[in-house]
Amino acid sequence: MFKEVVKELKKWSSNNENFNKIFKPQTRFETMKSEPDSKFVKIRCPKCKNEQIFFDKATIKVACIVCGNILAEPNGGKAALKARVLEALQ
Ligand SMILES: [Zn+2]
């Protein structure tokens, strides 16, 4: 059952150019957040595994200090994370 749903979804997504607009990748990170008021988060670069602290409401692009990989981009006052959040700091 589940496999067939995934198969249908893949078929549909490949024929639908709006698929990525509907299923925004950053939604997953936003719903994952347990501390909505946290300001600083520790994130890990998916490319080089470097860990660094970053401001959650960053309004500029945040790049990895080691390899330069983009870790977050501004998204309407809130940063859209492209890296894994390890912990939220108070
Ligand atoms: Zn990196």
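**Strand pairing and nonpolar core in a predicted model**

Strand S3 (residues 62-63) pairs with S4 in the antiparallel sense, over 2 bridges. The structure is a predicted model, and the protein holds 3 helices and 6 strands. Along the sequence these elements follow the pattern α-α-α-β-β-β-β-β-β.

- Within the antiparallel pair of S3 and S4, Ala-63 stands opposite Ile-70 of S4.
- The hairpin of S3 and S4 has 6 residues between its strands, and Gly-68 there adopts a positive phi near 85 degrees.
- S4 is also joined to S5; these two strands run antiparallel and share 4 bridges.
- Ala-72 has Leu-81 in S5 as its bridge partner.

**The open sheet**

- Three strands form an open sheet in the order S2-S1-S6, with antiparallel pairing.
- Strand S2 (51-55) and strand S6 (84-89) lie at the edges; each has a single partner strand, so one side of each is left without a neighbour in the sheet.
- On average, neighbouring strands of this sheet are turned by 30 degrees against each other, direction ignored.
- Strand S1 (residues 40-44) is paired with S2 over 5 bridges in the antiparallel sense.
- Arg-44 stands opposite Glu-51, a residue of S2.

**Burial and the nonpolar core**

- Of the 90 residues of the protein, 11% count as buried.
- The largest nonpolar core comprises 9 residues: Val-41, Ile-43, Cys-45, Cys-64, Leu-71, Ala-72, Ala-79, Leu-81 and Ala-83.
- Two or more residues of this core come from each of S1, strand S4 (70-75) and strand S5 (78-81).
- In soluble globular proteins, nonpolar side chains tend to be buried together.
- Ala-72 and Leu-81 both belong to this core, and they are also bridge partners, with Leu-81 lying in S5.

**Contacts**

- Cys-45, a member of the largest nonpolar core, is in contact with Asn-50, Cys-64, Val-66, Cys-67, Asn-69, Leu-71 and Ala-83, leaving aside its neighbours within four places in sequence.
- Among these partners of Cys-45, Cys-64, Leu-71 and Ala-83 are likewise members of the core.
- For the protein as a whole, residues 24 or more positions apart account for 35% of the contacts with a separation of 6 or more.

Definitions and conventions: Residues numbered from 1 in each chain as written. Predicted model: local features only at pLDDT ≥ 70, side-chain atom pairs only at ≥ 80, totals over all residues. Pairing = 2+ DSSP bridges. Axes fitted to C-alpha atoms, helices over the stretch in contact; angles between N-to-C directions. Buried ≥ 20, exposed ≤ 12 C-beta atoms within 10 Å, placed from the backbone. Contact = placed C-beta atoms within 7 Å. Core = buried A, V, L, I, M, F, W, Y, C linked by C-beta atoms within 7 Å.
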